[in-house]
Amino acid sequence: MDTVLSAIDSSSKPSNGNLACPAGSRAVSAVHDSSHVPSSAVAAAPEATLGRHVARRLVQIGVSDVFTVPGDFNLTLLDHLIAEPGLNNVGCCNELNAGYAADGYARERGVGACVVTFTVGGLSLLNAVAGAYSENLPVICIVGGPNTNDYGTNRILHHTIGLPDFSQELECFRTVTCYQAIVNNLEDAHEQIDIAISTALKESKPVYISISCNLPGIPHPTFSREPIPFALSPRLSNKLGLEAAVEAAAAFLNKAVKPVMIGGPKLRSAKAGPAFVELADASGYAVGVMPSAKGQVPEHHPHFVGTYWGAVGTPFCGEIVESADAYLFAGPIFNDYSSVGYSLLLKKEKAVIVQPDRVVVGNGPAFGCVLMKDFLSELAKKLKRNETAYENYKRIYVPEGVPVKSAPKEPLRVNVLFQHIQKMLNEKTAVIAETGDSWFNCQKLKLPEGCGYEFQMQYGSIGWSVGATLGYAQSVPDKRVIACIGDGSFQVTAQDVSTMIRCGQKTIIFLINNGGYTIEVEIHDGPYNVIKNWNYTGVVDAICNGEGNCWTTKVYCEEELIAAIETASGEKKDSLCFIEVIVHKDDTSKELLEWGSRVSSANSRPPNPQ
């Protein structure tokens, strides 16, 4: 059965202005140079333009907000995007944050989009796109390109590095996108745009589209009708391969005494979350989640045992997983961070590794062309129910303690802060965790059913959370986002708090001010990890400038924190709330201390003898 992406009814959408906010082929598809407008374009209706086609396509695939930074090469395209009733233009302060916003948006909506100008905008966007690629997020990156008449003329253009070759931006994007299209000819523009967008959806990776600045407003017959919604042919498992993989895995797991199952971050791109839960229900296994997949496995599941992160994971989870005689990992990524400096006590011969389209049982056999969701669903029918590991977990489990009660006006501790954040969580909230100690503190939060959770572990770019919070909040206006951001990370991307205010978002930002890059301190300390302290509430007040709903406060102790949360949840529930939390520079989670020492050890390994 084809997967049909139906068109979104735009009749209920408000008209837009400048800002309205309430593994496939890697071949470059370059449309050949054209120095003139095809004569066939004259016969097209005035509205049958490339710009309108792009706008309608974005709306059809589920994008209702596009994150942009204007530049002279994309202005005409932006005119057509803001003319689309179903599309809001969210103007960002810089291209990096526009990319981060599209990343955050894609995590909830399934796809995001951003538009920037040629080279100076594209290269600024590049870091965010690389992060989206690492996290398997389909982001449509659209760049306004040079005039069609300038290709092949040996002219030097502004916004370039001063060479007549315009391919520098393309070459940079080639390694962090799954498809690249250079649209400088109307004859094939329709085809190239549709191939690029559909490839992003099929591969769950970013794509790059460069559109010449003089093309968006020119009518052409290929755009003369409403674009037909995509009907993407679904990937299918090889039937015999699927049967063989299920048979081999079932035999492997059914002979185990105390098997467990762990969800990994590729559950999202494989769209296998429901199948994973189906397997958990049927098998009775203890269920854990890798840190980078937190939020993708329901923590209210009766057999959930926590985050498997080796020595820094949920207490007792690591012991249960590493003492198991068989473990199924669905969509894992094992890197130096997720393996705590390569210190996990796992054995390949005990593992069933399930990737989006491949299954490996122990040291072999391996099965290709087997989709994860199909495999997990079929395996659920073949496994014998085995609750041994979960029963062992219940026997050794000791409830976690609570932080020592603070003395009156005692300086606030980080563990007390997160004790209160835990109480704020419900099905109408979502958590965004910035790279740093918030990784570890937010991992310990217990997510109620329906509560969202996102962080960027594979790429780990500090500052990601500001743009991602903007994009995520824009994608789910019915949820209140709670963002936990360190002071060092905030200094990288702070500007787009401005855009959150313009969009009327009601996010709560906890700015954790401990005077520096604490995660780097625990890996390798030095004076470069100390930053200039800002008056963070003063910065946000200046950004707000009396326009929009924004409330800020500083808290130094638990009493002030409680009062701030009460205000943010009550009187200021419809405002963006910025709570600066002052804590000691050495106040970190014990998990960061352990993790930092192990990652430091991995980083400092001497070269192998030559």
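In the predicted model, helices α12 and α19 pass each other in a right-handed crossing. The axes of α12 and α19, the latter spanning residues 558–569, come within 11 Å and cross at roughly 25°. Because angles under 35 degrees count as roughly parallel, α12 is roughly parallel to α19. On the α12 side, the contact is made by Val416, Leu417, His420 and Met424, which meet Glu558, Leu561, Ile562, Ile565 and Ser569 in α19. By class, this contact between α12 and α19 comprises six nonpolar, two polar and one charged residues.

Helix α12 also takes part in the second largest pocket, where the helix supplies five residues, the largest share of the lining. The volume of this pocket is about 620 Å³. Its lining is formed by 19 residues, of which Glu400, Gly401, Pro403, Asn415 and Lys444 are the closest to the centre. Two helices, α12 (414–424) and α20 (590–603), each contribute at least two residues to the lining of the second largest pocket. The class composition of that lining is six nonpolar, seven polar and six charged residues.

Further helix packing was examined around α1. Two packed helices are described by the angle between their axes and the distance between the axes. For α1 (residues 50–60) and α6 (residues 186–203), the angle is about 15° and the axes are 11 Å apart. This angle makes α1 roughly parallel to α6. The crossing of α1 with α6 is right-handed. Residues Leu50, His53, Val54 and Arg57 of α1 meet Leu186, Ala189, His190, Ile193, Asp194 and Ile197 of α6. Six nonpolar, two polar and two charged residues make up the contact of α1 with α6.

Helix α1 packs against α2 (residues 75–82) as well, at an angle of about 50° and with the axes 8 Å apart. The helices α1 and α2 are therefore oblique to each other, and they pass in a right-handed crossing. In this pair, Gly51, Arg52, Val54 and Ala55 from α1 meet Leu77, His80 and Leu81 from α2. The contact of α1 with α2 includes four nonpolar residues, together with two polar and one charged. Val54 belongs both to the α1 residues that meet α6 and to those that meet α2.

Rolling a probe the size of a water molecule over the atoms shows where empty space is left. The largest cavity holds about 180 Å³ of space. Among the 18 residues lining the largest cavity, those closest to its centre are Thr435, Gly436, Asp437, Gly486 and Thr518. Helices α13 (437–443), α15 (487–493) and α17 (518–523) are the elements that give two or more residues to this lining. By class, the lining of the largest cavity contains five nonpolar, ten polar and three charged residues.

The second largest cavity has about 110 Å³ of space. Of its 14 lining residues, Glu135, Pro265, Ser292, Ile333 and Gln458 are the closest to the centre. The lining of the second largest cavity divides into three nonpolar, seven polar and four charged residues.

Two features of backbone geometry were also identified. Most residues other than glycine have a negative phi, and most peptide bonds are trans. The peptide bond from Gly364 to Pro365, however, is cis, with omega near 10°. Pro365 is located in the loop between β15 (358–361) and β16 (366–368). Lys271, which is not a glycine, has a positive phi of about 55°. The loop that contains Lys271 lies between β10 (260–263) and α8 (273–283).

Notes:
Residues numbered from 1 in each chain as written. Predicted model: local features only at pLDDT ≥ 70, side-chain atom pairs only at ≥ 80, totals over all residues. Heavy atoms only, no water. 1 Å grid on protein atoms, 1.4 Å probe; cavity = no way out; pocket = protein on both sides within 12 Å on 5 of 7 lines; lining within 4 Å. Points joined across faces, edges and corners; volume = space filled by probe spheres on them. Helix = DSSP H or I, 4+ residues; strand = E, 2+ residues; numbered from the N terminus. Nonpolar A, V, L, I, M, F, W, Y, C, P; charged D, E, K, R; others polar. Axes fitted to C-alpha atoms, helices over the stretch in contact; angles between N-to-C directions. Parallel < 35°, antiparallel > 145°, perpendicular 65-115°, else oblique. Left-handed = near helix turned anticlockwise from the far one by under 90°. Contact = heavy atoms within 4.5 Å.
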